[in-house]
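Here is a short briefing on one protein model. Keep the sequence and the 3D view open as you read.

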Amino acid sequence: MDPSRLRSAPPAANDSRGSEAVEHERPEWLEQVEGVLETLNQGVIITDDCHRIVFANEIFLEMIGRKKEEILGHIGRDFFAPEDAPILARQIEIGQAAGRNRFEFYVPQAAGTKLPVVISARRLEDPDGREFAVVTFTDITEQKRAEDDLRSANTQLELRAREIEEELTLASRVQQSLAPKGLLWGTASVETYFQAVRSIGGDFGLVTPGEDQLDLLVCDVSGHGISSALLANRIYTETMSQIERGEGLAPMMRHLNRFVIQNLGSSVFYFTMAAARLSRDGRSLEFAGAGHPPAMLIRPGEAPQLLESRSVVLGFLPDAVDGEATIEVPVHPGDRVMMYTDGLTENFNAQNDMLGIEGLSDIVRDTSALPLPQMKQEILDRIALFRHGPPADDMSLVLVEIF
């Protein structure tokens, strides 16, 4: 018999496998459970040992959009598309071997559409020894729709994530381009380092040579990631403006503190800063810090002299900058000065011991006789050797040697 004919028309009147034959072959026990099967919220069919449908409840008929006489006596898989018949046949084989089966598939509807369902089948034997199969169909249209919606949303999220990643890559390149570069200036040589713990970070440094002075600065905005980087970029721009105007270190910090409170005020963010200004002759160094780890004045073989902040963190209090915010530090040829962010000190080893300022001072003292570029690299290498795991914070470093 042509399967396509079975899918589109009821059996002929003289078809020995028609509904009358099936009705005649209906087992007696089916009449006893038929009422129960009609109360279920699932589609149900019962097939005989030849896979012919001998019963279908109303829910199943509604699911496929057909009348009872159109399917009784027919083999269920004949209603499926030819290319899907082997899949269904394989599932029937699995059910026969195990006595039961459960799988996700579909049922063909009279309108030519496919209704997604979960099919559960169980083989049973009646008191006369005849084998039947009870097959239930659970409509999963809503679940499939939700899966499709979720899949579409995930696709959109993946697309947006790629766009964000591309934007962050570009932002990282921009931030790296703003990072200070090593240079030779008058009586000084400068080495620098910057590394964001994520794509972009809240640290930045400045090395700005002028006619009569060399400005050196590191800044650390609290937090990590995009928001910190945006705030750091804004402070960077304002700091450059202040340096270009020739502002003193203390007035500059007061302006930055006021600027952030008035324009970028937030209870979430604050920033710390260390700044130094070296004279053209290399004999005088002005230093100012605000809530920042102490800078280090380094002489080969000696413990570094710590240059402590006199002001508190910026961005919170209007009077954060001390009245005597700056100190004058006499320097000599061969002296070195290092300013850094706490990404260098707040590192922990496997025993959860923090490197801290004392540990960093030891590293600085041990490396102070090396040429400046090697000293910088050795400091970074020894921090990495001490640290257990990857960096947890942004790191900035400005290291200057006076001739």
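Is arginine 145 buried, partly exposed or exposed? Arginine 145 is partly exposed, at a relative accessible area of 41%. Buried means under 20% relative accessible area, exposed means over 50%, and partly exposed lies in between (1.4 Å probe, protein chains only).

This is a predicted model, where local features need pLDDT of at least 70, side-chain atom pairs count only at pLDDT 80 or more, and totals for chains, interfaces and linings use all residues. Residues are numbered from 1 along each chain as its sequence is written, and side-chain values use heavy atoms, leaving out hydrogens and water.

**Helix H7**
- Helix H7 covers residues 141-178, which is 38 residues. (Helices are DSSP runs of H or I with at least four residues, strands are E runs of at least two, and both are numbered from the N terminus.)
- From first C-alpha to last, H7 reaches 55 Å, close to the expected 56 Å. (The expected span is 1.5 Å times one less than the number of residues.)
- Leu168, Ser172 and Gln175 are the buried residues of H7.
- Their cover includes strand E7 (188-195), strand E8 (203-209) and helix H8 (225-244).

- Glutamate 142 and arginine 145 form a salt bridge, 2.6 Å from N to O. (A salt bridge puts a side-chain nitrogen of Lys or Arg within 4 Å of a carboxyl oxygen of Asp or Glu.)
- These two sit three residues apart in H7, so about one helical turn separates them.
- Glutamate 142 counts as exposed, at 54% relative accessibility.
- Arginine 151 and aspartate 148 also meet in a salt bridge, at 2.8 Å from N to O.
- Both lie in H7, three residues apart, about one turn of the helix.
- Arginine 151 is partly exposed at 48%, and aspartate 148 is partly exposed at 45%.

**Salt bridges elsewhere**
- The whole structure holds 20 salt bridges.
- Arginine 66 pairs with glutamate 70, with the closest N and O atoms 3.4 Å apart. Both residues are buried.
- Asp362, Arg365, Asp366 and Arg382 are linked in a salt-bridge network.

**Helices H8 and H9**
- The axes of H8 and H9 (residues 249-263) come within 10 Å and cross at roughly 145 degrees. (Axes are lines fitted to C-alpha atoms, for helices over the stretch in contact, with angles from 0 to 180 degrees between N-to-C directions.)
- Residues in the contact include Arg234 and Ile235 of H8, and Met252 and His255 of H9. (Contact means heavy atoms within 4.5 Å.)
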